[in-house]
Amino acid sequence: MSDSVQKVLIVGGGFSGMSAAIQLCKQGIETHLVEIDPDWRAEGAGISVGGATLRAFQALGILDEFLEQGSVQPALEVIAPTGQLIQTIPNPPVGDDIPGGGAIMRPVLAKILSKKVIEAGAKVRLGYSYSSMVQDADGVSVKFEDGSDDRFDLVIGADGVYSNTREWLMPDAPRPRYTGQGVWRAVLPRLPEASNTMMWVGPKLKTGINPMSKDQAYLFLTEDKEVKERIPEEQMVPMLKKLLETFPAPLVQTMAAQLDDSSQVQWRPLEGLLVPLPWFQGRVVLIGDAVHATTPHLASGACIGIEDAIVLAEELASHSTLNNALTAFGERRWERCRMVVENSGRLGQIEIEGGDKQEHGMIMRESMQALAQPI
């Protein structure tokens, strides 16, 4: 461990930030985390995860909790709009006792991680963020919005796709870009027929269902929209039902009939972001969506952010200087994160254009094979 890093501030209490807190506390580093949401919530319904994510959960020490409270799916079933099975794509395990894929409610995963952060000994501040930072050769002086101030050896910006830390640290960095697609999500009762992830693929839309606990599943549907827009909450259920009418498969119509105001229906425009290396300046480094936000086509956005946290902690432990550790961190992460962001973006583009289905399948297979490799 570098003697230059004994006290760290993490800005952002999402999946990446919490994972960094857990791993740094394991190394005996005094770890502070500041999260602007006073309730420390996770937005969204369900989250699909691949084998690489579950491997990361094992490293964090939360795999058992995931297996208890989430759901594991052995395969993805690709289905025609009318209900005929096109193909079954297995989710092969990525290691001993590590399944190849699954899903869980986002708030449930957030609760598992936040409990682990507290147990690890991190000092958590909720309901506000920092107001200013000034760094020098020896550390970073931080003023907080509650009027307090402190000094840290390293600051980790894990504050998401619209990161204020990125705006301050790298004002010329790329901005998030709308991809022309959005995703609908809703929470439904788990259907007895859905032991796998099931996806119905139409000419312009695709929809699916993913079990995420013993009694819940989440429905998803991707839709092309030329213009990024906000949809009023009262219109969401009828709009999603209307879109599902294009899938005559009986199971899809069963799901559509279950939608109501309790289904937590959400619409989210999809955006992508890839910031070139280096992801640090001096003693401030960015991780997760702050530098590589991706669409959900490979179910790997949370994965690569959590992996960032694991790799960053490993590199801090194995280098004698901070600059060398942060440089090595970026070099280890770049190709994997680039692949996920760019391949996810290409998959969305193929769907929007009604493009080559063989290319789509090839990108999916090659990406999954790459993600199965060690980090």
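**Reading the strands and side chains**

Modeller: In β6, Pro-90 is the bridge partner of Ala-75. This is a predicted model, in which local features need pLDDT of at least 70 and side-chain atom pairs count only at pLDDT 80 or more, while totals for chains, interfaces and linings use all residues. Residues are numbered from 1 along each chain as its sequence is written, and side-chain values use heavy atoms, with hydrogens and water left out.

Colleague: What makes β5 and β6 a pair, and in which sense do they pair?

Modeller: Two strands pair if DSSP finds at least two bridges between them, and β5 and β6 have five bridges in the antiparallel sense, so they meet that definition. They also form a hairpin with five residues between them, and in the turn Gly-83 has a positive phi of about 115°. A strand here is a DSSP run of E with at least two residues, and a helix is a run of H or I with at least four, both numbered from the N terminus.

Colleague: How do you know whether β6 lies in the open?

Modeller: Of the six residues of β6, zero are buried, so the strand lies largely in the open. Buried means under 20% relative accessible area, exposed means over 50%, and partly exposed is in between, with a 1.4 Å probe and protein chains only.

Colleague: Where does β6 stand in its sheet, and why is one side of it left without a neighbour?

Modeller: The open sheet has seven strands with mixed pairing, in the order β6-β5-β14-β15-β16-β13-β17. Both β6 (85-90) and β17 (266-272) are at the edges with a single partner strand each, so one side of each has no neighbour in the sheet. Further in, β5 (residues 75-79) and β14 (residues 197-201) pair in the parallel sense over four bridges, with Leu-76 opposite Thr-197 in β14.

Colleague: What makes you say that helix α6 packs on this sheet?

Modeller: Contact means heavy atoms within 4.5 Å, and α6 (residues 233-244) touches β13, β15, β16 and β17, its direction making about 75° with that of β16. Helix α7 (residues 250-258) lies across β13, β14, β15 and β16 and runs at about 100° to β14. Such angles run from 0 to 180 degrees between N-to-C directions, along lines fitted to C-alpha atoms, for helices over the stretch in contact.

Colleague: Why is Gln-264 called partly exposed?

Modeller: Gln-264 has a relative accessible area of 40%, so it is partly exposed. Gln-264 sits in the loop between α7 and β17.

Colleague: How many disulfides does the structure have, and what is the nearest cysteine sulfur to Cys-337?

Modeller: A search of the whole structure finds zero disulfides. The nearest cysteine sulfur to Cys-337 is that of Cys-303, 9.0 Å away, whereas a disulfide is a pair of cysteine sulfur atoms within 2.5 Å.

Colleague: Why do Cys-25 and Cys-337 count as buried?

Modeller: Cys-25 counts as buried because its relative accessibility is 15%, and Cys-337 counts as buried because its value is 0%.
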